[in-house]
Amino acid sequence: MTSLPTLFLDFPLPFSPSNIPDLPVYGLAIDNRQVQPGYIFIARPGASVDGHDFILDAIRRGAAAVVGQKEISSLPVPYIRVSDSRRAVTHLAAAFYGHPGRKLTVIGVTGTDGKTTTSNLLYQILVATGLKTGMISTVNAVIGDEILDTGFHVTTPDAHDVQRYLAKMVESGLTHVVLETTSHGLAQHRVDASQYDIAVVTNITHEHLDEHGSYENYRAAKGRLFELLADTVDKPQGNPRLGVLNMDDQRSYGYLASLLTHQSSRQVSYGLTSAADIHAENITYRSSGLAFEIAGKDFCIPTRTRLVGAYNVLNCLAAFSAAVIGLGIDPRTAALGLANLPGIPGRMEVIDLGQDFTAIVDFAHTPNALKVTLETARQMTKGRVISIFGSAGLRDREKRRLMAETSAALADISILTAEDPRTESLDGILAEMAAGAAARGGLEGETFYRVRDRSEAIKFALRLARPGDLVIACGKGHEQSMCFGTTEYLWDDRTAMRAALSEYLGMPGPQMPYLPTQEEK
């Protein structure tokens with residue numbers, strides 16, 4: 001519990017009135033249905049609904065006060081008007097929970113692809129060092145021995161949830177946190193009060209252009225993570241204020257480097273060439289993992305990881321750079337932390353029930369991620385690569401064509417299927433993808449197929465597989481649901497792959513998850 005005036009002591013946005021009544025505050029809510037007696041309801045305008053329309057309902061549920069950005073009068077409870085109620089949430093939540101980010105060393109990881117893997121690698125390094133570390137990812141929040149689910153789909157949790165997780169970490173005696181940070185979380189100001197000390201970028205490629213409008217806007221949203229370094233308060237444990245940049249990603253590197261130079265923050269680059277401050281040498285690719293050396297100004301450390309693919313070399317370099325240059329961790333200890341990571345759920349996860357071909361589930365859901373995933377798959381087999389993937393509805397339409405073109409070029413057989421069509425026509429999405437595959441020389445019925453039901457698509461791929469082939473289902477990875485219309489159906493590609501393999505092999509196994517497309521004749 002805190003008081004209403006306390007929430008506005010360090011509030012950085014204009015607000016009125018200035019004489020806020022001294023009321024106890026027992027919680028915050030951005031959804032009127034979650035209001036409990038003594039809560040503050042924060043009304044925000046949204047894409048489809050406006051929280052200001054639900055103020056009276058929030059008051060009926062017991063809201064002690066309301067914060068909003070519209071001019072409203074004659075409410076039976078105090079109303080504080082702010083210039084931007086969406087931005088206000090993160091600062092009010094931070095104040096309610098006692099500004100936990102100020103008591104932690106916070107490392108933010110952003111990028112189009114590789115955020116979750118890099119966050120987990122960095123977490124393993126910090127744990128290997130003996131630092132009391134937590135992690136908030138798009139998969140879960142790790143607080144000591146407690147693992148909390150952060151939701152169905154991949155985005156940074158809402159602002160008040162982020163601050164609640166950070167506060168739990170402080171209460172648990174943790175000192176460091178790795179915070180996976182999406183462009184949505186940055187653009188919607190969910191993380192503005194997180195007090196970042198180190199900002200890491202993996203890459204910035206083609207994604208979320210439906211929301212951001214252009215690559216430049218998307219890059220600017222990611223760039224906010226690096227701008228937030230300058231806003232971090234001075235902390236007793238010190239302020240690294242370090243940006244960790246991918247020199248190989250030339251479309252983002254110069255832009256982000258200029259942001260850091262402008263605000264006088266330190267920066268370190270990583271990459272696969274010696275031009276980067278931290279780079280990889282003598283890379284050996286194996287189906288069981290990677291072996292390489294990490295070289296810096298005054299060290300060259302042999303390193304191993306159970307992760308596969310050249311892109312994971314870059315993820316390792318990003319995590320290593322943040323730990324060694326940002327936190328002063330010994331390079332050899334950091335290398336041991338990289339080796340400790342057993343794997344990431346739904347990231348190049350092999351599903352082996354004894355079949356004579358390889359079956360993998362991966363999260364690749366962008367053109368670049370699919371490209372590097374299929375390149376890695378090609379390295380892992382002497383047989384054919386059979387890819388299964390879709391493209392989400394109500395999202396960037398251009399990537400439907402791009403992903404189909406990529407698979408047509410790199411896989412032997414592509415199976416186009418459902419992936420969160422939402423309220424769009426699944427047939428329409430598949431038609432756009434089929435056009436992309438055909439444009440790269442694909443022949444429908446020979447090198448690519450349309451299979452609307454994802455469970456049948458996986459089964460079909462298994463029937464096509466020959467000994468030594470590699471079947472890979474991309475796009476869902478660890479996710480636990482798929483959206484048709486406005487309904488989220490429980491779905492896990494890993495369970496679906498095991499169910500399909502069990503049926504294929506004629507052995508007991510899990511039940512195939514249900515999707516509405518299974519009822520189609």
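How do the residues of the lining of the largest cavity divide into nonpolar, polar and charged? They divide into three nonpolar, two polar and four charged. Here Ala, Val, Leu, Ile, Met, Phe, Trp, Tyr, Cys and Pro count as nonpolar, Asp, Glu, Lys and Arg as charged, and the others, Gly among them, as polar.

This is a predicted model, where local features need pLDDT of at least 70, side-chain atom pairs count only at pLDDT 80 or more, and totals for chains, interfaces and linings use all residues. Residues are numbered from 1 along each chain as its sequence is written, and side-chain values use heavy atoms, leaving out hydrogens and water.

**Cavity and pocket**

On a 1 Å grid over the protein atoms alone, a cavity is a set of points where a 1.4 Å probe fits but cannot get out. A pocket is an open set with protein on both sides within 12 Å along at least five of seven lines. Lining residues have an atom within 4 Å of a point. Points are joined across faces, edges and corners, and a volume is the space filled by probe spheres set on them.

The count is one cavity of 30 Å³ or more. The lining of the largest cavity includes Arg-44, Arg-86, Asp-158 and Arg-190. Ile-30, Val-89 and His-160 are also among its residues. The elements giving two or more residues to this lining are α3 (85-96) and α5 (159-171). Such helices (H or I, at least four residues) and strands (E, at least two) are DSSP runs, numbered from the N terminus.

| Space | Volume | Lining by class |
|---|---|---|
| Largest cavity | About 50 Å³ | Three nonpolar, two polar, four charged |
| Second largest pocket | About 330 Å³ | Ten nonpolar, ten polar, two charged |

The second largest pocket is lined by 22 residues. Closest to its centre are Asn-120, Met-135, Val-139, Asn-140 and Pro-345. Helix α4 gives the most to this lining, with four residues.

**A helix pair**

Helices α10 (residues 310-327) and α11 (residues 331-340) pack at about 140 degrees, with axes 10 Å apart. Axes are lines fitted to C-alpha atoms, for helices over the stretch in contact, and angles run from 0 to 180 degrees between N-to-C directions. In α10, Cys-316, Ala-319, Phe-320 and Val-324 meet Pro-331, Ala-334, Ala-335 and Leu-338 of α11. Contact means heavy atoms within 4.5 Å. By class, this contact has eight nonpolar, no polar and no charged residues.

**Backbone details**

A cis peptide bond joins Ser-16 and Pro-17, with omega about 0 degrees. Pro-17 sits in the loop between β2 (15-16) and β3 (24-25). Met-348 is not a glycine, yet has a positive phi of about 45 degrees. Met-348 lies in the loop between α11 and β19 (349-350).
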